[in-house]
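I opened this notebook to record what I looked up in one protein model.

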Amino acid sequence: VVYAARATSCKAVTWEQLNCLSDFENDLARRYCRYLGAKHSDKIVTITEKDRLAYIEKYRLRPEKVCSIYNWIDESLLSAESNYNAGAKRIITVIRLAPVKGAENIIEVSKRLKDEFPDWQWHIYGGGEEEYVKKLQSAIDENDLGSFLILKGKVDDIYSRYNDYSLSVLTSYCEGFALVLAEAKAKRIPNISFDCLMGPSDIICDGEDGYLVRVGDIDALYEKLSMCMSDEALRKKLSENAYGNIEKFSKSKVLEKWRDLIGE
């Protein structure tokens, strides 16, 4: 497509929906296509600022050749009235159940939280790889976590369920954008997330509306969760800040950036 555009007066734009550090080790064709796009497109569009900087460095591109434009969140999340329930003693995680999403970390930290907070529950929403789901459920059963950590499966009305939760957690090792964090933020729910590549640091203001912890650091994840779970006033404070910069993920703001790009 890039070469076809070169033979015409058309401009070629590469829109990256993953991140440039995911190299597709076993897919040389995809790696080569990404390289061609980076080198020969007129513009590269990434979905996070961190990925924009990574593209510039990895492919030695001129900074003006790469821009970042977020994916927008569902308009219904911004238009619907959100009443944050700080007293809800429930945690929500919305992920595709696959190894890259790090759900095994949830089990490890749950083993430390369940006795300290017996009146709380942690719900994981999402479908995924059958064998991985079975492995997670077996680990939940073996560690007697059934009353604390519950796999809720895939549901069609996830937006309506956010009001039942006071904390959101993401344990992914790698993300493209981490849209679920922006969606939770739109519902004024504080997020606690691994600071993975890419996404979470574009959405969470560490210490202001949620917390970022080093990828795989179970101790830090436990510390932040325990701190928030034991302090309703802290949850309220984080929630009050959560909606502050959500407008940048709105459809109107995102489309404005795309119009500017096309006009350029």
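The entries below follow that order.

**Entry 1: basis.** I worked from a predicted model, in which local features need pLDDT of at least 70 and side-chain atom pairs count only at pLDDT 80 or more, while totals for chains, interfaces and linings use all residues. Residues are numbered from 1 along each chain as its sequence is written, and side-chain values use heavy atoms, with hydrogens and water left out.

**Entry 2: the whole chain.** I looked up the secondary structure and found twelve helices and nine strands. Helices (H or I, at least four residues) and strands (E, at least two) are DSSP runs, numbered from the N terminus. The C-alpha trace spans about 65 × 40 × 30 Å along its principal axes.

I then checked burial: 50% of the 264 residues are buried. Buried means under 20% relative accessible area, exposed over 50%, and partly exposed in between (1.4 Å probe, protein chains only). The accessible surface comes to about 13200 Å², and carbon and sulfur atoms hold 49% of that; the areas come from the Shrake-Rupley method with a 1.4 Å probe, and for residues only the protein chains shown count as cover. Of the contacts (heavy atoms within 4.5 Å) with a separation of 6 or more, 70% are between residues 24 or more positions apart.

**Entry 3: the six-stranded sheet.** In what order do the strands of the open sheet of six strands lie? I read the order as β6-β5-β4-β7-β8-β9, with parallel pairing; two strands pair if DSSP finds at least two bridges between them. β6 (149-153) and β9 (210-213) are the edge strands, and each pairs on one side only. Neighbouring strands are turned by 20° against each other on average, direction ignored.

I went through the pairs in turn. Five bridges join β4 (residues 90-94) to β5, and I92 stands opposite H123 there. β5 (residues 121-125) has four of its five residues buried, so it is largely enclosed by the rest of the structure. β4 also pairs with β7 over two bridges, where I91 stands opposite L167. β7 is covered on both faces, with L167 and V169 buried on one side and S168 and L170 on the other. Three bridges join β7 to β8, and S193 in β8 is the bridge partner of L170. S193 also stands opposite L212 in β9, within a pairing of β8 (residues 191-194) and β9 that has four bridges.

**Entry 4: the three-stranded sheet.** A further open sheet has the order β1-β2-β3, again with parallel pairing. β1 (13-15) and β3 (66-68) stand at its edges with a single partner strand each, so one side of each is left without a neighbour in the sheet. The twist averages 20° from one strand to the next. β2 and β3 are joined by three bridges, and I44 stands opposite V66. Helix α3 packs on this sheet, touching β2 and β3, and its direction makes about 170° with that of β3; axes are lines fitted to C-alpha atoms, for helices over the stretch in contact, and angles run from 0 to 180 degrees between N-to-C directions.

**Entry 5: the cores.** A nonpolar core is a set of buried Ala, Val, Leu, Ile, Met, Phe, Trp, Tyr and Cys residues joined through side-chain atoms within 4.5 Å. The largest has 50 residues, and L113, W122, L149, L225 and M229 have the most contacts inside it. Helix α10 (residues 218-229) gives the largest share, seven residues. Another core of ten residues lies apart from it, including I44, A54, V66 and M198.

**Entry 6: two loop residues.** Is T48 buried or exposed? T48 counts as buried because its relative accessibility is 0%. T48 lies in the loop between β2 (43-46) and α3 (49-59). Beyond its neighbours within four places in sequence, T48 is in contact with S68, Y70, G176, F177, M198, G199 and D202.

Y162 is in the loop between α7 (158-161) and β7 (167-170), and counts as buried at 2% relative accessibility. Leaving out residues up to four places away in sequence, Y162 touches I92, V94, V180, E183, A184, K187 and I189.
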